[in-house]
Amino acid sequence: MNRRRLLGWSGLAAGAVAVGVPLVGAGIGNAAPTGSGAPAPPGDDAVPPDTLPGGAYDRYVAELAAADEFSGVVVLSHRGRTVLSRSYGLADQEKGIANDEGVAFNLGSAVQPFASVAILQLAQQGKVRLADLVGTHLDGFATDVAERVRIHHLLTNPGLKQRGGGDLQRVFESREEVHAFYEEWTRQSELVAPPGSEGGTAQGAVPIIAQIVEAVTGTTYWDYVHEHVFGRCGMTGSAFYTRPEWLSDEHIAHSYMRQADGSRVDAVRNLDKGSVNEFILGKNPGRNFIDGAADGGFATAADLVRFGQALGDGTLLDRPYADMLLGAKFPQYQGKAGQPPPPPGAPEGFGTYGPPGRVLDGQWVVARAGGNAGSGANWTIYRDTGWVGVILSNYDDFPLIEMIQQENEAVTGFAEPPGGGGGG
């Protein structure tokens, strides 16, 4: 796997071998069903052997962990019952706390679809319309942004770009300071392409969606998601935790950033250190007092399984709106910076209102990955067969793309062509 391609796809460095971190294996989980998921087509209840304990996927992850190329949790769930659950490494190396299904990891951009769910909940209730303009709910934006960009565009491709990227060295000290920063930053939005066009960009869209949620509901986005997304699903271990909570709560994994000398450092305990990844150079998520809507937040593997099931059983959205969230809206013409076009035979990717989707061996599969300094995450919903897969790590130099491909193959039987991209 080309190193630059991997970095460009998810902001993660290619997996490198290091030593010195104890490994903690977890037994097979037996979580109670939390939702029925999609209706079961005839004959889809057979569990592929590669998904079972001791199967190909389990062996693959164990080998990565044994080489200290992976620290974290993987889970495969089928219709609410855990098929495979493995945990490796330490959530807090200083205190010797092991990773497990109940430990929350930083999600990076894998947090973004929660904003899509929130705005579609409000659309379902008739409190917003997807055709509403930004200026219908928010002020302070440039005239062309306010009068041309609609909620639909924010969920797909608004054609926006913000002037300046913020100060990565800034250490925020309160929720109010973070909130004020994003209000100011989003109002620097410029329309650089026609909304919805192929040549546009989605930069800054999620924070704007979050602000519309706040304007309509009268509460902060963080509190809305905690009650109406996490709360409805029973995601009791997930939240937009603050830095003090990250430091004190033993159920939140510390993020370990690879440094130029090959060592890893605890991000939240070393705010003077930053990522050496060229795509997020100098970044340290611990400097945020609380994460914004587009880049961070924390969730456990068990909670992300609950989230995936809740999108299939009506807990979060009625079926028409769940279909609206997860249905294909447009083909993805190109990948992120540093990622070449997919090779012949690779499935075509599609944008949705939420996580990107692909057809794998006749199944509609949606997945959202995210990388941050010291962490990486991916959650996948195999909508037609009731599977949910989760990968969470508190390393930033593990082979996330290959892990997603191995999970996809174990569940669907589809083997990615050489040089193919990962889901999400």
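This report describes the helices, sheet and nonpolar cores of a predicted model.

## Basis and overall make-up

The model is predicted, with local features requiring pLDDT of at least 70 and side-chain atom pairs counted only at pLDDT 80 or more, while totals for chains, interfaces and linings use all residues. Residues are numbered from 1 along each chain as its sequence is written, and side-chain values use heavy atoms, with hydrogens and water left out.

The protein contains 13 helices and 16 strands; helices (H or I, at least four residues) and strands (E, at least two) are DSSP runs numbered from the N terminus. Of its 424 residues, 58% are buried, where buried denotes under 20% relative accessible area, exposed over 50%, and partly exposed the range in between (1.4 Å probe, protein chains only). Among contacts (heavy atoms within 4.5 Å) with a separation of 6 or more, 69% link residues 24 or more positions apart.

An open sheet comprises eight strands in the order 2-1-16-15-14-13-12-11, paired antiparallel; two strands count as paired if DSSP finds at least two bridges between them. Strand 2 (81-88) and strand 11 (330-331) form the edges, and each has a single partner strand, so one side of each lacks a neighbour in the sheet. Strand 1 (residues 72-78) is joined to strand 16 (residues 387-393) by seven antiparallel bridges, with Gly-72 bridged to Ser-393 in strand 16. Helix 13 (residues 400-412) packs on the sheet and touches strand 1, strand 13 (357-360), strand 14 (363-372), strand 15 (375-382) and strand 16. The direction of helix 13 makes about 20° with that of strand 15; axes are lines fitted to C-alpha atoms, for helices over the stretch in contact, and angles run from 0 to 180 degrees between N-to-C directions.

In strand 14, ten of ten residues are buried. Gln-363, Val-365, Ala-367, Ala-369 and Gly-371 point one way, whereas Trp-364, Val-366, Arg-368, Gly-370 and Asn-372 point the other way. In a regular strand, side chains alternate between the two faces of the sheet. Strand 14 pairs antiparallel with strand 13 over four bridges, and Leu-360 stands opposite Gln-363. The hairpin of strands 13 and 14 has two residues between the strands, and Asp-361 there takes a positive phi near 50°. Strand 14 also pairs antiparallel with strand 15, over eight bridges, with Asn-372 opposite Ser-375. Two residues likewise lie between the strands in the hairpin of strands 14 and 15, where Gly-374 has a positive phi near 95°.

## Packing of helices 3 and 8

Helix 3 (residues 113-124) and helix 8 (residues 205-217) pack at about 35°, with axes 9 Å apart. Their crossing is left-handed, meaning that the near helix is turned anticlockwise from the far one by less than a right angle.

Ala-115, Ala-118, Ile-119 and Leu-122 of helix 3 meet Val-206, Ile-209, Ile-212, Val-213, Val-216 and Thr-217 of helix 8. Nine of the contact residues are nonpolar, one is polar and none is charged. In this classification Ala, Val, Leu, Ile, Met, Phe, Trp, Tyr, Cys and Pro are nonpolar, Asp, Glu, Lys and Arg are charged, and the others, Gly among them, are polar.

A nonpolar core is a set of buried Ala, Val, Leu, Ile, Met, Phe, Trp, Tyr and Cys residues joined through side-chain atoms within 4.5 Å. The largest has 76 residues, and those with the most contacts inside it are Leu-107, Phe-114, Ile-119, Leu-154, Tyr-221, Phe-307 and Leu-316. Helix 3 supplies the largest share of this core, eight residues. Another core, of 24 residues, lies apart from it and includes Val-74, Leu-76, Tyr-88 and Trp-387.

Helix 11 (residues 301-310) is mostly covered, with nine of its ten residues buried, Phe-307 among them. The elements covering these buried residues include strand 1, helix 3, helix 9, strand 10 (298-300), strand 15 and strand 16. Beyond neighbours within four places in sequence, Phe-307 is in contact with Phe-114, Val-117, Val-229, Cys-233, Met-235, Leu-316 and Trp-379.

Trp-222 lies in helix 9 (residues 221-233) and counts as buried, at 9% relative accessibility. Neighbours within four places aside, Trp-222 is in contact with Arg-175, Val-178, His-179, Phe-240, Ile-290 and Asp-291. Its C-alpha atom is 9.3 Å from that of Ile-290, 68 residues apart along the chain.

His-152, in helix 6 (residues 151-155), counts as partly exposed at 31% relative accessibility. Not counting residues up to four places away, His-152 touches Leu-130 and Tyr-353.
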